Amino acid sequence: MREKNMLQILKNSRYTVVLSGVGMMQESGYPLLRDGQESYEIEEKYGYSFEEIFSSGFYSARKELFFRFYKEVILKASEMEPGQGFFDLKKLQDFGLVHSIITRRIAGLEERAGCRNVINMKGTVFHNVCPSCGREYSVEYMKNASGVPLCEKCMVPIRPKVCLFGEMIDNGVMTRVAEEVAKAEVLIVLGTTLHSPLCIQMLQYYTGSNLILVTDKEHYTDQQADIVVYGRCDEFLNQLVAEYERSGC
Ligand SMILES: [Zn+2]
């Protein structure tokens, strides 16, 4: 019954925006780099935390180690496939039930699953650019470069176009996401808490009628949502897809 009501809410909504959180990545099998076992392994192997290495300060001062980490840990993301949740999100877009997707994650999973109208607030690892001539380089080029990847023409280090720790999100991007959220009648938050940086930044622009939160962990801010679904995001999305297909339209 719940899915039916949820489906009805989406069908009635003129504009629905999804905020795609870290839980969506975890469900795809991605390790958590800031918490959990992976963060200890990073500190042990590199001598610094994820946030220390993947920062603007490190990029400026310690390029060798920055790029070793970028290639060995961050670019690994480009080898992992999006989980089923992302493909069901794409189907919901195809059905006209979801209109845009916003994320702070940098693995580009939404677009790799075929989603459209995705705003990657912090960029993705698929975008690596020479700061001097603007030439773009592929993930393969970055991975295969020995040491610091250099522009073939300018011989300067190539900059991953992602927002590093210590950097501000681009103003133009912030304006776009604020406009998207302000347009939303329904806002679906997937796999994060309303207390996350993604939500704290976005909720101030939301004036819609239904804030739906899907999370597997309870948090004291859950009560700010109109509807809370405790469980996996991929199961939630899959149920919606199934319900839509059964409804025949
Ligand atoms: Zn160049």
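The legends below describe close-up views of a predicted model. Residues are numbered from 1 along each chain as its sequence is written. In this predicted model, local features need pLDDT of at least 70 and side-chain atom pairs count only at pLDDT 80 or more, while totals for chains, interfaces and linings use all residues.

View 1. Helices (H or I, at least four residues) and strands (E, at least two) are DSSP runs, numbered from the N terminus. The 13 residues of α10 should span 18 Å at 1.5 Å a residue, and the end C-alpha atoms of α10 are 19 Å apart, which agrees. The expected span of a helix is 1.5 Å times one less than its number of residues. In α10, V177, E180 and V181 are buried. Seen down the axis of α10, these buried residues fall within an arc of 95°, so they line one face of the helix. The arc is that of the directions from the helix axis to the C-beta atoms. On the other side of α10, N171, G172, T175 and E179 are exposed. A residue is buried if 20 or more other C-beta atoms lie within 10 Å of its own, exposed if 12 or fewer, and partly exposed in between, with C-beta atoms placed from the backbone. The buried residues of α10 pack against strands β1 (16-20), β2 (100-103), β3 (118-120) and β7 (186-190), and against helix α11 (197-203).

**View 2. V181 in helix α10.** V181 lies in α10 and is buried because it has 21 other C-beta atoms within 10 Å. Leaving aside neighbours within four places in sequence, V181 is in contact with V17, L187, M202, Y205 and Y206. Two residues are in contact if their C-beta atoms, placed from the backbone, lie within 7 Å. V181 and M24 are 157 residues apart in sequence, and their C-alpha atoms are 19 Å apart in space.

**View 3. The buried side of helix α6.** In α6 (residues 63-74), F66, F67, F69, Y70 and I74 are buried. Around the axis they cover an arc of only 160°, which puts them on the same side of α6. What covers these buried residues includes α3 (36-46), α4 (50-53), α5 (56-61) and β6.

**View 4. Helices α7 and α12.** Two packed helices are described by the angle between their axes and the distance between the axes. Helix α7 (residues 84-94) packs against helix α12 (residues 233-247) at an angle of about 35°, and their axes are 8 Å apart. Axes are lines fitted to C-alpha atoms, for helices over the stretch in contact, and angles run from 0 to 180 degrees between N-to-C directions. From α7, the contact is made by Q84, G85, D88, L89, K91 and L92. From α12, it is made by C233, D234, L237, N238, L240 and V241.

View 5. E167 lies in the loop between β6 (159-160) and α10 (171-183). E167 is partly exposed, with 13 other C-beta atoms within 10 Å. E167 and S56 are 111 residues apart in sequence and 6.5 Å apart in space, C-alpha to C-alpha. N117 is in the loop between α8 (109-112) and β3, and its phi is near 50°, a positive value in a residue other than glycine. N117 is partly exposed, with 14 other C-beta atoms within 10 Å. M155, in the loop between α9 (139-144) and β6, has a positive phi of about 60° although it is not a glycine. M155 is exposed, with 9 other C-beta atoms within 10 Å.
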